[in-house]
Amino acid sequence: MFNKSITNIKYIFKSFIILFYLLIINSIFITNSYAKDNLWEKTVEIAEKSKTLIPYEMIMKTKEFDNKKTVTLDFEMYIKPKKFREIDTQRDVIKVLKNGKNITQEYKDNMRTRKSRLNVLKDINALFLREFQSKVSYQNTNLKEIINGRKCFIYDFRFKKSDKEDFKGRAWIDELKSIPTKIDFSLESLTFPVKQVNVVFKYGSKKDEMFFVDKIEAKAKINFVYTEKDYVLNLSLNEYSK
């Protein structure tokens, strides 16, 4: 029973890492084909000011569903990183729950010799950072939508890492504040075992002068040898400071 539990923990941890890196790391490899846009450019300027903001609390919740849409696994992890670029499982993991059971110590014992490096968070706003704009493709659709009481322009954007990987989505940018409220994208081409991934980033702001990713919501389909499973990942990034 203990060995089976350890195997499940390893599996969930690997699943989280696969999803996290697919959803975020890939977002920095983008191609550019459209003319500059004043609102987008203003967002880029604010992104440069915002990149010093660091989240010091992470809450990750993952649910696994079988092909009958029954929840087969409910996993939660609470983390308070002491270092921005690294999560030390012994020091930073505060609580781990599996199907409501506290398995924090068991998880730490299993991960004692490992460290999960999340330096990708440094570039979590890569879509809007100046250094990546030569690789960004975007277009103002001239459509507007009210989100959280703010009138936003909607942009289409495209990520293209390679011929086999194509990422497409939309960004909602506050018309007055030039701050993104959310981006929504999917990965068009994926490698086995990942079949489908859809992601939404939701943003917060500090005094309308800087912005940060507040929540990440991801849905994925993953093929296994004899079955296909759905995953829903919710990641909250809190306690931002410089």
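User: What are the ground rules for the numbers?

Analyst: Residues are numbered from 1 along each chain as its sequence is written, and side-chain values use heavy atoms, with hydrogens and water left out. The model is predicted: local features need pLDDT of at least 70 and side-chain atom pairs count only at pLDDT 80 or more, while totals for chains, interfaces and linings use all residues.

User: How many helices and strands does the protein have?

Analyst: Both are DSSP runs, numbered from the N terminus: helices are H or I of at least four residues, strands E of at least two. Here there are four helices and 13 strands.

User: What share of the residues is buried?

Analyst: Buried means under 20% relative accessible area, with a 1.4 Å probe and protein chains only. Of the 242 residues in the protein, 50% are buried.

User: How is an aromatic pair read, and how many are there?

Analyst: Rings of Phe, Tyr and Trp (its six-membered ring) pair if their centres lie within 6.5 Å; planes under 30 degrees apart are stacked, over 60 edge-to-face, the rest tilted. The structure holds nine such pairs. One of them, F185 with F201, is edge-to-face, at 6.0 Å centre to centre and 75 degrees between the planes.

User: Which parts does the pair of F185 and F201 tie together?

Analyst: F185 lies in strand 10 (residues 180-187) and F201 in strand 11 (residues 194-206), so the pair links parts 16 residues apart in sequence. F185 is buried at 3% relative accessible area, and F201 is buried at 2%.

User: Which residues form the aromatic cluster?

Analyst: W40, F128, Y138, Y155, Y203 and F211 form one cluster.
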